[in-house]
Amino acid sequence: MALPLQPGVYIMKNKDKKIIYIGKAKALKNRVSSYFGSHSGHSMKVVRMVENVDDFDYILCDTEFEALVLECSLIKQHMPKYNILLKDDKGYNYIKVTKGEFPRIRECYRMDDENATYIGPFISTFSVKKAVEETLKIFKLPSCNKQFPRDYGKSRPCLNGFMGLCSAPCNAGITQEEYAQNVADAVAFLKGGSAKAVKDMTAKMQEYSENLEFEKAAKLRDRIKAIKNLDEKQKVVSINVPEEDVFALVNGNKKACFDVLRFKNGRLYDTEHWLIDSVDDLAEARFELIERYYSMREYIPSRVAVDGDIADEELLRQHLESIRGKKCEIIHPQKGEHLAIVNMCVKNANEHLAQQQGRLGREMAALEELAELLGLPKPPEYIESYDISHTFGADNVAGMVVFHNGRPMKSAYKRFAIKGFDGQNDVGSMNEVLTRRFKHYYEDEEGSTFKIKPDLILLDGGEPQVNAVLPVIREMEIDVPVFGMVKDSKHRTRAIAFDGGEIQINSHRSAFTLVSNIQEEVHRFAITYHRKKHKKSTFSSGLMKIDGIGEKKAKNLLKHFKTVAKIKEATVEELCSVPGISLQNAQDIAKHYQNN
């Protein structure tokens, strides 16, 4: 099919004539042709989509903006499989208040209990969750799974009870009447808001004081203080604009996280996030994700802040303004409170991605910073690090440690005794160790951690160590970046060395901490192995001073008894039980230690 060089929408279908993808283009011919050339620049998702394309159609438009509007309309209508980056699973949320002698307050997604009362519905899951958490703390209501009155007065209070965050009905710390009053006050607070609650409680507190009921007045005073403290905390997460949505997109090796913070009246009122497949082009992905997000949400604010570039940003802005009916500004904050809010959104996205991948957000951030610093295409998920240890050239060993997702993976640690030569030669040792390591990569059976190809290799040392290893890597056809970790005069990490220079990392706090931890861990592991080996060789050399005891017999003795102290204490009969030790040997050993 000959395609024109005009704006339009293209529609891809599978063999069952079902629409699987809808896209827009400035020039249809160029865009559609790009899918059916080489797959080298495409993600696996695009490759899988193209493999399922059996037919396609197109609709011409006068402008790219018309094409975008039509694309959005068709995607909503057909919901093609490969268009749906975000799924709108956001429904209504409620606050549930159970019945009974000790009512409980919970957030929920549906009204499925006829015996409970509900407050809502609410659109924001975030706001409902925060409201319930804060209400339980203010009114000291339990958040545990204990059932009352069944568990009333039957156990010691938990940490919340000890901290004064719960009235501890489990320890009979409150009567049923007082508990019921707290729940009633909490429901009034949820329905009326903090301002009304503070006004009502202040009037009641004054009434208690006038009636000399100081204990009740003190409880209300503390409750009012808790509400005001809560308001102060909420002011921390605020901006000096009436309304704004903040977006961040964090890309990982296999997954990416798209995070949204929503502000109204200067306060954070909602937050959402989605975990999606890793993206190839961040700018294009931001365009598609933001456009898709507002196709699922009715409200578009006057200002949108983003954490990076957006492909066709002007086109997206026009689209948002056409839906909103008013001006919509897209900003890229560079300083001040807006940049702080964007950074907070990025941090949230990092944390969500980290939780999905089983690691902390700060570790994800450190890996991303390290990748950017070293010019890596993606954060290094699997890092191997090597260090050499010896005593003036004796007992040469090497240690290999692995950091997986920013954390030590001790099951993959390896120890190497240098076999190729004697004497001090760190560069030669490094060459031998990397050669042996990648021979295992090619020769070991599946299941060995040696079969895992690292995303990054860090050597303890500078450019000489890196230059010693690079020929090995190239000759064995291992495509892995190699860098050295350079220490200062106080043995602290100073820079990262590569083939041709050094990169200073002191100013990059997260990456600096990660590399320092790796360097300290690999040094600890290597020197521990060296000390053990050196101690054993020292013991062996001591045994070899005894007539008739050579290296092999000395090793057998140490292997059997573990320590020299136990060899000294052993009887002749016990010594004879060691392989290779004759009666004469045993008598000579016993005599040697009796005389010494």
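Analyst: A helix is a DSSP run of H or I with at least four residues, and a strand is a run of E with at least two; both are numbered from the N terminus. In this predicted model, H319 has its place in helix α10.

User: Is H319 buried or exposed?

Analyst: A residue counts as buried when its relative accessible area is under 20%. H319 has a relative accessible area of 6%, and therefore it is buried. Leaving aside residues up to four places away in sequence, H319 touches F65, L68, V69, C72 and E291.

User: What span should the twelve residues of helix α10 have?

Analyst: The expected span is 1.5 Å times one less than the number of residues. For α10 (residues 313-324) this gives 16 Å, and the end C-alpha atoms are 16 Å apart, so the two agree. After α10 comes G325, which has a positive phi near 80°.

User: Which residues of α10 are buried, and where do they lie when one looks down the axis of the helix?

Analyst: L315, L316, H319 and L320 are the buried residues of α10. Viewed down the axis, these buried residues fall within an arc of 135°, so they line one face of the helix. Their cover includes β2, α3, α9 (282-296) and β11 (329-331).

User: In what order do the three strands of the open sheet stand?

Analyst: Strands of a sheet pair through backbone hydrogen bonds, in either a parallel or an antiparallel manner. Here the order is β2-β1-β3, with antiparallel pairing. Because β2 (19-25) and β3 (55-60) stand at the edges with a single partner strand each, one side of each has no neighbour in the sheet. From one strand to the next, the twist averages 20°.

User: How many bridges join β1 to β2?

Analyst: Six bridges join β1 (residues 8-13) to β2, and the two strands run antiparallel. Within this pairing, V9 stands opposite K24, and Y10 stands opposite G23. Five residues separate the strands in the hairpin of β1 and β2, where K17 takes a positive phi near 65°.

User: Which strands does helix α1 touch, and which does helix α3 lie across?

Analyst: Helix α1 (residues 28-35) packs on the sheet and touches β1, β2 and β3, its direction making about 25° with that of β1. Helix α3 (residues 64-78) lies across β1, β2 and β3 and runs at about 165° to β2.

User: How many residues of β2 are buried?

Analyst: Seven of the seven are buried, so β2 is largely enclosed by the rest of the structure.

Notes: Residues are numbered from 1 along each chain as its sequence is written. This is a predicted model: local features need pLDDT of at least 70, side-chain atom pairs count only at pLDDT 80 or more; totals for chains, interfaces and linings use all residues. Side-chain values use heavy atoms; hydrogens and water are left out. Two strands pair if DSSP finds at least two bridges between them. Axes are lines fitted to C-alpha atoms, for helices over the stretch in contact, and angles run from 0 to 180 degrees between N-to-C directions. Contact means heavy atoms within 4.5 Å. Buried means under 20% relative accessible area, exposed over 50%, partly exposed in between (1.4 Å probe, protein chains only). The arc is that of the directions from the helix axis to the C-beta atoms.
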